[in-house]
Amino acid sequence: MNSKVSTALLEQANHELFAAHSYKAMALWCSFKDYPGFAEFFSSQAEEEQEHADKFLEFLLERGERPILSSIEVPKPDFSSLSEIAEYALKLEKINSQKIEACYELALETKDYASQPLLLEFISEQVEEEAWADTMISLTKRAECPGASLNLDRHIVKILSEPE
Ligand SMILES: [Fe+2]
Ligand SMILES: [Fe+2]
């Protein structure tokens, strides 16, 4: 396997682990602030990101590479409001989309055909990821008074899990 591509995919796996760690930190913040619905939603995102990392790592193994993990950056620990956390989620997802697109460009340049379907799958996945984060921003902005934000918390998992 092209070593530039394998390095990029390993870095991407590491970035997915950073996303998992970040969502875990966001879930903890929401639990601490008594928003159990948002905590549940971000916990499930943390699990999803962990699965994404595993997909990249398993792919590398299948292609005869030995993935070596590196350290994970400290996640952002604090937020001022639910809308700030939603904005941060969108920022995370946008950075992730850019990184996956860069991997795809590299796979095209190096003619690493086997990596391309996996990366395309992630490029489509990112469209959904950015979409829920965008919806979460509108909803949290609309529900800025305490009563409204508690009501939103009760329904957030259901709202964002419904197929569009
Ligand atoms: Fe991901
Ligand atoms: Fe994501």
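Start by selecting Tyr23, which sits in helix α1 (residues 3-32); helices here are DSSP runs of H or I with at least four residues, numbered from the N terminus. A word on the model before going on: it is predicted, so local features need pLDDT of at least 70 and side-chain atom pairs count only at pLDDT 80 or more, while totals for chains, interfaces and linings use all residues. Residues are numbered from 1 along each chain as its sequence is written, chains are lettered from A and ligands numbered from 1 in the order in which they are written, and side-chain values use heavy atoms, with hydrogens and water left out.

**Stop 1: around Tyr23**

Is Tyr23 buried or exposed? Tyr23 is buried, with a relative accessible area of 0%; buried means under 20%, exposed over 50% and partly exposed in between, using a 1.4 Å probe and protein chains only. Now show its contacts, meaning heavy atoms within 4.5 Å. Leaving aside neighbours within four places in sequence, Tyr23 touches Phe42, Gln45, Ala46, Glu49, Ala89, Leu92, Glu93 and Trp132.

**Stop 2: the iron ions**

Next, select the iron ion (ligand 1). Which protein donors does it have? They are Glu16 (OE), Glu49 (OE) and His52 (ND1), at 2.0 to 2.1 Å. Donors are N, O and S atoms within 2.8 Å of the metal (3.2 Å for Na, K and Ca), and sites may look incomplete since water is not among the atoms. Along the sequence, the donor residues follow the spacing E-x32-E-x2-H.

Click on Glu49, which bridges this ion and the iron ion (ligand 2); the two ions lie 3.6 Å apart. Glu49 and His52 are both buried. They are three residues apart in helix α2, so about one helical turn separates them.

**Stop 3**

After α2 comes Gly64, with a positive phi near 80°.

The axes of α2 and α5 come within 6 Å and cross at roughly 30°. The two helices are therefore roughly parallel, a label for angles under 35 degrees. Where they meet, look for Pro36, Gly37, Phe38, Glu40 and Phe41 in α2, and Leu152, Asp153, Ile156, Val157 and Leu160 in α5.

Methods: Axes are lines fitted to C-alpha atoms, for helices over the stretch in contact, and angles run from 0 to 180 degrees between N-to-C directions. Angles under 35 degrees count as roughly parallel, over 145 as roughly antiparallel, 65 to 115 as roughly perpendicular and the rest as oblique.
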